[in-house]
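Here is a short note for a colleague who is new to this structure. Please read the points with the model open beside you.

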Amino acid sequence: MSSTSAVVIGLGSIGTRHARILRELGLQVSTVSRREGSDYPSITQAVAGAQPDYVVIATETARHADNLQELAQTGFRGNVLVEKPLFATPAAPPKYPFARVSVGYNLRFHPVMTALVETLNGREAITVAAYVGQDIRDWRPGRDHRATASATADAGGGVLRDLSHELDYLLWLFGPWHRVAALGGASGARDIDVDDHFDLLLDMQRAPAVHVHMDYLDRQGIRRIRVNVDDDTIEADLVGSRLTVNGKAMDVASDRDQSYRDMHLAAMRGIGPVCSLPEALGVMHLIDASERALRTKTWVSP
C-alpha cells in the first residue's frame with residue numbers, strides 16, 4: 001500500500017464506513033462534511049490541511065461531479081475513489097488531473113464473486129439471471145427511509161442507481177451489451193417517488209439472454225446471480241456467502257468489510273479489478289438506456 005493519508009468527503013453511513021476501514025488499514029484519515037464531527041468544512045481546506053494522497057468521495061450521487069471539480073481545482077493529483085454510481089446522469093466528465101479515478105463497485109472484490117469468476121473461467125454464458133432486492137426501510141435503522149438520498153430523485157436515488165452493482169458486474173463479466181428492454185417504476189408501496197423496482201432484459205456479448213431484477217421491496221434481502229454455461233449451472237449467493245455448482249454448495253469465507261478493504265487497496269495501487277472511470281461511465285449509459293427503454297416500451301441499443 002503506497003497511500004498513507006486520506007480524505008473522505010461525506011459522512012453519511014457509507015462515508016463513515018469508508019473512513020473507519022481506511023483507519024483500520026493504517027491510514028491517517030480526515031473527513032469533510034457539513035455534519036457535526038467532521039474535520040473540515042470544505043474540500044479545499046481538507047486538501048490544504050491534510051495533504052492527502054488518496055481521496056474518497058462519498059456524498060450524494062448528484063454532488064459527485066461538483067465534488068470532483070472542486071477537488072481538481074485544489075491541485076490534488078493523487079488517486080480518487082468515487083462511491084457508486086459515478087454520476088446521476090451519463091454526461092461525459094472533463095479530463096481530470098488526478099493520477100487515477102476509480103469507482104466504488106466493491107462487489108467485484110466479494111469472495112463469492114471471485115469464486116464465480118474462477119468457476120466461469122472465461123466461458124460464455126447461455127443464460128444469466130441476477131436478482132437483488134432489499135426493503136429500503138431496513139437499510140438505515142433509525143432513519144426515515146423517505147428522507148434518505150436513496151429515496152430522493154434530486155439526490156440521484158432509485159434502484160437503477162442505488163443497486164447498480166448488478167449492472168457493473170454484468171458488464172464486467174459478460175459485456176458489452178447490445179440491446180436492453182425494461183419494465184418497472186415507482187409502485188408507491190414504500191411511499192417514495194423514485195423507481196423502486198426494475199426488470200431488465202439484456203443481450204450481451206458473452207451472454208445472449210440476461211435477466212436483471214432489482215427492487216427496494218424484498219423483505220428477505222437477496223443478492224444472487226445464476227448462470228447457465230454449457231455443462232454447469234452456477235449460482236453465487238452474495239448474502240449467504242455461498243457458491244453452488246450443479247446443486248453442490250460451497251461456503252465461501254467472507255466478512256462484511258473484506259470487499260471494501262480489498263477495493264481500497266486496489267484503488268490506491270491502481271490494480272484490477274477495481275472499476276475504472278470509463279467502465280463506470282458505461283454503467284451510467286446502461287442506466288440511461290434502461291430508463292429510455294422503460295419510457296418508450298421498446299428495445300434500446302447503445
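1. Start with N246. At 46% relative accessibility, N246 is partly exposed; the cut-offs are under 20% relative accessible area for buried, over 50% for exposed, and in between for partly exposed (1.4 Å probe, protein chains only). N246 sits in the loop between β12 and β13 (248–251). Its phi is positive, about 55°, although N246 is not a glycine.

2. A word on the basis. The model is predicted, so local features need pLDDT of at least 70 and side-chain atom pairs count only at pLDDT 80 or more, while totals for chains, interfaces and linings use all residues. Residues are numbered from 1 along each chain as its sequence is written, and side-chain values use heavy atoms, with hydrogens and water left out. Helices (H or I, at least four residues) and strands (E, at least two) are DSSP runs, numbered from the N terminus.

3. Now N121. N121 also is not a glycine, and has a positive phi of about 50°. N121 is exposed, at 63% relative accessible area.

4. Helix α4 itself covers residues 111–120, and its buried residues are P111, V112, M113, A115, L116 and L120. Their cover includes α6 (165–174), β10 (222–228), β11 (233–237), β12 (242–245) and α7. Contact here means heavy atoms within 4.5 Å.

5. Helix α2 (residues 43–50) buries I43, A46 and V47. Seen down the axis of α2, these buried residues fall within an arc of 95°, so they line one face of the helix. The arc is taken from the directions from the helix axis to the C-beta atoms. Cover for them includes β1 (5–9), β2 (28–32) and α3 (64–73). Just after α2, Q51 takes a positive phi of about 50°.

6. How do α1 (residues 13–24) and α7 (residues 258–269) cross? Their axes come within 10 Å and cross at roughly 75°. The two helices are therefore roughly perpendicular, a term for angles of 65 to 115 degrees. From α1 the contact uses I14, R17, H18, I21 and L22; from α7, Y260, R261, M263, H264 and M268. These residues divide into 6 nonpolar, 2 polar and 2 charged.

7. Check two cis peptide bonds. One runs from K84 to P85, with omega near -10°; P85 is in the loop between β4 (79–82) and β5 (100–103). Another runs from G272 to P273, with omega near 0°; P273 lies in the loop between α7 and β14 (275–276).

Definitions and conventions:
Axes are lines fitted to C-alpha atoms, for helices over the stretch in contact, and angles run from 0 to 180 degrees between N-to-C directions. Angles under 35 degrees count as roughly parallel, over 145 as roughly antiparallel, 65 to 115 as roughly perpendicular and the rest as oblique. Ala, Val, Leu, Ile, Met, Phe, Trp, Tyr, Cys and Pro count as nonpolar, Asp, Glu, Lys and Arg as charged, and the others, Gly among them, as polar.
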